[in-house]
Amino acid sequence: MTKKERPTLSLKPAAKATAPAAPARKPGPRPAGAKPAAGKPAAAAPGSARGPRPGGETRGAGSASPWAGRKPAPAAPAAPAAPTRPPAKPALREAHHRDLKPRLQTEFQSALKHDSLAFALLGAATAAVQVQQGTALPQALGAVFASSDAMPQARGAIQDIAYRAMRQLALSEILIGLMAPKAPDPLVQALLSVALPLMHPADGSPAPYEAFTVVDQAVTAAGSHPDTARAKNMVNALLRRFLREKEELLQEALQQPEAKYNYPQWWIDAVITAYPKQWEQVLAAGNQAPPLTLRVNTRRTSVEAYLARLEQEGVAARRIGPCAVRLDKPVPVLQIPGFAEGDVSVQDAGAQLAAPLLDVQPGMRVLDACAAPGGKTCHILELADVNLTALDADAKRLQRVQENLERLHLQASLQPAEAQADAWWDGQPFDRILADVPCTASGIVRRHPDIRWLRRKSDTRQLATLSSQILDNLWKMLAPNGKLLFGRRRPLSRCATAPPVSMRQASCCHWAAPSRITMDCSTHCSRKMRDLLTSTRQVIQRFFRLLCWQLLLTLACALPHAARAADETVEITRAYIEAAEEGYRLSANYSFELSHGLEDAVQSGVSLHFTTEISFTRPRWYWFDEKAVTAKRTHKLWYDVLTRQYHVKIIGSVAQPFPTLDAALFFIRRPTRWVVAPRGALKVGETYNVTLRMGMDKDYLPKPIQVNAFNNSEWRLASNKKSFQYRAE
C-alpha cells in the first residue's frame with residue numbers, strides 16, 4: 001500500500017517495512033469451527049467496511065483527519081510509488097490526539113454553509129471562547145470574520161448571537177454545570193453558551209429561532225470542528241434535556257444572584273454599594289440591547305435635513321440632542337444613509353456631550369488624550385477648525401481614528417504615546433485638553449456586555465492609580481486660562497460602579513491648580529462639591545489635634561486587623577456543591593491578581609502553588625461537631641523559559657500549557673469541578689456546614705524565599721474562609 005501525506009500529527013516513530021504479503025487464497029468455504037490464527041485478523045472482503053477507505057485512507061494512529069479536506073491548502077495526490085520525502089506538517093489536527101493537547105484551533109475553517117445557523121453558532125462560540133481567554137469581544141469577532149471569510153449577512157448573525165451570549169453568560173454556565181456530568185472543553189462550553197440564549201431569551205422577547213432548529217444546528221456545528229466533534233452527542237443530550245426540564249433547571253439556576261442578574265458577584269456588590277435604592281434597575285438596564293444613536297456632521301448637513309432624508313428612505317428616527325439622532329430600529333452600520341459619505345457617525349448621546357463642553361474656538365491647540373477610537377476627536381473637529389493632537393498608547397487603535405478622520409474628511413495629528421509620559425510633548429501648552437482616561441467602562445456595559453466578564457475587582461484601584469498619573473502629567477501641558485475636561489458623571493456612564501472615584505480625582509485636581517484649570521465632571525454638583533470639601537477641610541484642621549491621640553491609641557488594635565485584611569487578597573466569588581454519580585463536586589470561582597513581585601518571581605523560575613481546602617462538618621446537639629469530609633487540592637503554576645509558555649497542573653495530574661500568564665491564571669480562577677467527597681461519605685438528607693478557603697501555599701516555596709515571603713506583603717495571597725450549608729442528596 002502506498003503511503004500518503006497524513007494531515008494529523010503523530011509523535012510515534014515511523015513503522016518498519018513489512019514483509020511482502022502472501023498470495024491471496026482462493027475463495028472457498030471454511031471448515032466448521034475454524035478460527036483465524038491468534039494475533040492475525042482475518043482478511044477483509046473486497047468492498048467491506050474494514051477495508052481501505054476511499055482515497056487510500058487507512059485506520060490507526062496515523063489515519064487521516066476527517067477535516068483534512070476542509071483546510072485552505074489541501075494535500076497533493078499520492079504518487080504511484082512510495083514517496084521519498086517526509087510528509088508535510090499539517091496546519092491543524094484533532095484536539096483529542098492522545099500524544100499532545102494542542103491549543104484551541106480558533107482559526108479553523110469549517111465546511112459549513114455561510115447562510116446556515118450552524119455556521120453562525122460556531123463563529124459566535126469561537127469568539128466567546130476568546131473572550132474567556134481575555135480578548136475583548138469586538139477584537140474576537142474581527143478575528144473570526146477574518147479567518148472564516150464570512151459574508152456580511154453571516155457576520156451580522158454571528159455578532160448578534162455572540163452579544164446575546166455575553167448578556168446571559170452566567171446563566172448559561174450555571175445551567176451547563178447543572179446538566180453536564182463533567183466540565184466540558186472550553187469550545188464545547190462556549191458552543192452551549194451561545195445556543196442556550198437562543199432557546200430562552202432572558203429579556204422575555206420571542207425566541208429568534210425554533211428550539212429544535214437550534215439543537216439540530218448546534219449539533220451540526222459541533223460535528224464540523226475538530227475541538228468539538230467528540231462532544232457532539234453531549235451537546236445534543238444537554239440541549240434536549242434543557243428543553244425537557246426547562247422550568248426546573250431555570251428555577252434552580254436563578255436562585256444564584258450571578259445567574260439572576262448575569263453579572264459577577266463583585267460587580268453586583270459594587271452596584272449595590274453605589275446605588276442602594278436603584279441597583280436592580282441599574283443591573284437590568286445593563287442587560288438590555290442598546291439603541292443606535294447617530295451624530296450628524298453639521299459641517300455637511302443639518303439635523304433637520306438629515307431627518308428628512310431618513311423619512312424619505314423609510315427609516316424611523318427622532319432627534320434627542322443638538323446633533324444626536326436615534327433610530328427607532330437599529331440597522332447595520334453600512335446601511336445607514338449617509339454614513340459612507342461622512343454625513344453621520346455612530347456615537348452614544350452621552351458621549352456627544354463631551355466636545356461642546358470644551359468650548360473650542362478656531363485656531364486653538366487641542367489635545368485629545370486616550371483618543372481611540374476617535375469619536376470625540378472627530379466631533380471636536382466638526383465643531384471648529386482647531387489644531388488637534390490625538391494621543392493613544394496603542395498604535396493599532398490609532399488606525400481606527402485615522403479611518404474615521406478620512407471618512408469624515410477631517411485632519412488631525414496622530415501621536416502614538418502614553419498619556420502619563422511627556423517624552424512626546426514639544427513643550428507648547430494646549431488651550432483645551434480632553435482627558436478620557438482609562439476606566440472600568442462599566443457604564444457602557446449595555447453596548448459592550450463582555451466588559452463584565454473581562455474586568456476584575458482589582459481593576460478599579462489600578463485604573464484609578466493610572467488615571468491619577470495621567471492627570472498629574474497633563475497639568476503642566478495646559479495653557480493659562482485653559483480648560484481640561486475629565487470624566488462624566490451621570491447614570492450608566494463610564495465608571496458607574498464607582499461614582500466617588502472620578503469625583504475625588506476631579507476635586508484633587510482642582511486643589512492642585514485652581515487658577516489654571518476649569519474642571520467639568522458633567523454634573524451639576526461640581527461647585528457644591530468644591531464648597532463642601534473646602535468647609536470639610538477647615539473642620540478637619542480644627543479637630544485634627546484632638547483626634548491624633550485617639551488614632552495613636554487605636555493603632556495597636558488596628559495593626560492585627562490590617563494584617564489579616566492584607567491576607568484576604570483572594571475573593572471566592574462563587575461556591576456550591578452538586579451531587580453527581582461519582583460523588584459530590586465543588587464548583588467555585590476565585591478572583592485575585594498577582595502582584596508585580598509575584599509575576600517577576602514566576603518568570604524567574606519560581607513555582608507558585610495555590611491550595612484549596614474544604615471541609616464538611618455535621619453539627620450535633622449532644623457532642624462536638626462531626627468532621628465528615630476534609631479535602632485539599634493544589635494547583636502548581638510555573639513558567640518554562642525554553643518554550644516560553646506557562647504551565648498549570650493539579651498535583652497528581654498532567655500539566656496544561658498556556659501562552660500567557662492571564663490564560664494560566666484564568667484556569668486557576670475558574671477550576672474544573674472537583675470531586676471533594678465520594679458517594680456514601682455524606683448522609684443523605686443531613687445538612688452540613690461547608691468551609692472553603694483558597695490561597696497561595698508558601699510551604700512549597702524554596703527555603704530562602706520562604707523567609708522573605710513571610711515578611712513581604714506582596715507574597716500574601718489568601719482568601720477568607722467562606723462558609724455555607726449543603727443538604728446532602
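This is a predicted model: local features need pLDDT of at least 70, side-chain atom pairs count only at pLDDT 80 or more; totals for chains, interfaces and linings use all residues.
Colleague: Thanks. Which residue forms a salt bridge with R447?

Modeller: That would be D348, and the closest N and O atoms of the two are 2.8 Å apart. D348 sits in the loop between β4 and α13 (354–358), while R447 sits in the loop between β8 (430–435) and α16 (451–454), so the pair ties together parts that are 99 residues apart in sequence.

Colleague: Nice. And how accessible is D348?

Modeller: D348 has 28% relative accessibility, so it counts as partly exposed.

Colleague: Changing topic: how many salt bridges turn up in the whole structure?

Modeller: The search finds 20.

Colleague: Which residues are linked in a network of salt bridges?

Modeller: R300, R309, E313 and D343 are. Within that, R300 pairs with D343, with 2.8 Å between the closest N and O atoms. This pair links distant parts of the chain, 43 residues apart: R300 is in the loop between β1 (292–296) and α12 (303–312), and D343 is in the loop between β3 (324–327) and β4 (344–346).

Colleague: What about R309 and D343?

Modeller: Their side chains also meet in a salt bridge, at 2.9 Å from N to O. Here helix α12 carries R309, and the two residues are 34 residues apart.

Colleague: Why does D343 count as buried?

Modeller: Because its relative accessibility is 11%, and buried means under 20%.

Terms used
Residues are numbered from 1 along each chain as its sequence is written. Side-chain values use heavy atoms; hydrogens and water are left out. A salt bridge is a side-chain nitrogen of Lys or Arg within 4 Å of a carboxyl oxygen of Asp or Glu. Helices (H or I, at least four residues) and strands (E, at least two) are DSSP runs, numbered from the N terminus. Buried means under 20% relative accessible area, exposed over 50%, partly exposed in between (1.4 Å probe, protein chains only).
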